[in-house]
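Take a moment with the sequence and the structure below. Then follow the chain part by part.

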Amino acid sequence: MTGRTLLLIGPPGAGKTTIAGQLTQVTGMAVIATGQQLRAEIRAQSALGQRIEPLLEQGQLAPDSVMAELMRNWLQRIPIDQDCLLDGYPRSVAQAHMLETILADLGRRVDAVIVLTLDEATIVHRLSGRRICRRDDGQDIIVHIDDTAKIAQCLARGGTLVQREDDHPDVIRTRLRLYEQETAPVLAHYTGRVPVHYINADQLTPAIVKLIRDII
């Protein structure tokens, strides 16, 4: 039996990666988190990472051809009978067409789309206040400047606080414009073809996960 392929789409700051991580814990589905994978390439300073780093720092998207190549490689590693969730992909109609070709080659299809919604003011607050707590043991964690207890804990343990380049307000707004211009048409592309479910992301992660589990 072929596993289901679900898409998780939403603006930056909607919590896609956190939600996807919890879903895989409770359901066992495989998750392909494109943002995390791309940042891993940058940290490793691979040829691909060096190519896409300046684009992502400016709030731009990785080229479609690069994303298609990576997506095919990642999907090929997932057993055909295992459910999988694509976190943050496709980001454009062109990528949606590429994904459909890749999935067809692998005997899969898009079975449903989950869309997280969140207003711009909340997104900017979430992301511009986000910091990476860099620790000597290499176990970096994400904290928010509003969480004074975790900030103090990070510093007390010798950590340093770093803001990602793409978490500055001007870059965030650029990313949101890109999302509106390129990702919104993806939803129109899938509407009427597969079930598309909208979920308000301005609530606790466990509540969002439960809503998604009820859908799938």
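In what order do the five strands of the open sheet stand? The order is S2-S3-S1-S4-S8, and the pairing is parallel. Strands here are DSSP runs of E with at least two residues, helices are DSSP runs of H or I with at least four residues, and both are numbered from the N terminus. Two strands pair if DSSP finds at least two bridges between them.

A word on the ground rules. This is a predicted model, in which local features need pLDDT of at least 70 and side-chain atom pairs count only at pLDDT 80 or more, while totals for chains, interfaces and linings use all residues. Residues are numbered from 1 along each chain as its sequence is written, and side-chain values use heavy atoms, with hydrogens and water left out.

Strand S2 (30-33) and strand S8 (196-200) stand at its edges. Each has a single partner strand, so one side of each is left without a neighbour in the sheet. From one strand to the next, the twist averages 20°. Angles run from 0 to 180 degrees between N-to-C directions, and the axes are lines fitted to C-alpha atoms, for helices over the stretch in contact. Now look at one pair inside this sheet. Strand S1 (residues 5-9) and strand S4 (residues 110-117) are parallel and share five bridges. Leu-6 has Ala-112 in S4 as its bridge partner.

There is another sheet to find. Three strands form an open sheet, in the order S6-S5-S7, with antiparallel pairing. Its edge strands are strand S6 (141-144) and strand S7 (160-162), and each pairs on one side only. The twist here averages 40° from one strand to the next. Strand S5 (residues 130-134) runs antiparallel to S7, and three bridges join them. Cys-133 stands opposite Leu-161 in S7.

Helices pack against these strands. Helix H6 (residues 120-128) lies across S5 and S6 and runs at about 20° to S5. Helix H7 (residues 148-156) touches S5, S6 and S7 as it packs on the sheet. The direction of H7 makes about 125° with that of S7. Contact means heavy atoms within 4.5 Å.

Two spots in the backbone deserve a look. A cis peptide bond joins Tyr-89 and Pro-90, with omega about 5°. Pro-90 sits in the loop between strand S3 (84-87) and helix H5 (93-105). The other spot is Gln-45. Gln-45 is not a glycine, yet its phi is positive, about 55°. Find Gln-45 in the loop between helix H2 (34-44) and helix H3 (47-57). Its relative accessible area is 39%, which makes Gln-45 partly exposed. Buried means under 20% relative accessible area, exposed means over 50%, and partly exposed lies in between (1.4 Å probe, protein chains only).

Next come the charged side chains. How many salt bridges are there? The count comes to twelve. A salt bridge is a side-chain nitrogen of Lys or Arg within 4 Å of a carboxyl oxygen of Asp or Glu.

One of them joins Asp-83 and Arg-4, at 2.8 Å from N to O. Asp-83 lies in the loop between helix H4 (64-76) and S3, and Arg-4 in the segment before S1, so the pair ties together parts that are 79 residues apart in sequence. Asp-83 is partly exposed at 21% relative accessibility. Arg-4 is partly exposed too, at 31%.

Glu-120 and Arg-177 also meet in a salt bridge, again given as 2.8 Å, N to O. Glu-120 lies in helix H6 and Arg-177 in helix H8 (residues 169-190), so this pair ties together parts that are 57 residues apart in sequence.

Asp-166 and Arg-164 form a salt bridge at 2.9 Å, N to O. Are these two buried or exposed? Both Asp-166 and Arg-164 are buried. Salt bridges that share partners link Arg-130, Arg-164, Asp-166, Asp-167 and Arg-175 into one network.

Finally, step back to the whole chain. Its secondary structure comes to nine helices and eight strands. Its C-alpha trace spans about 50 × 40 × 35 Å along the principal axes. Of its 216 residues, 43% count as buried.
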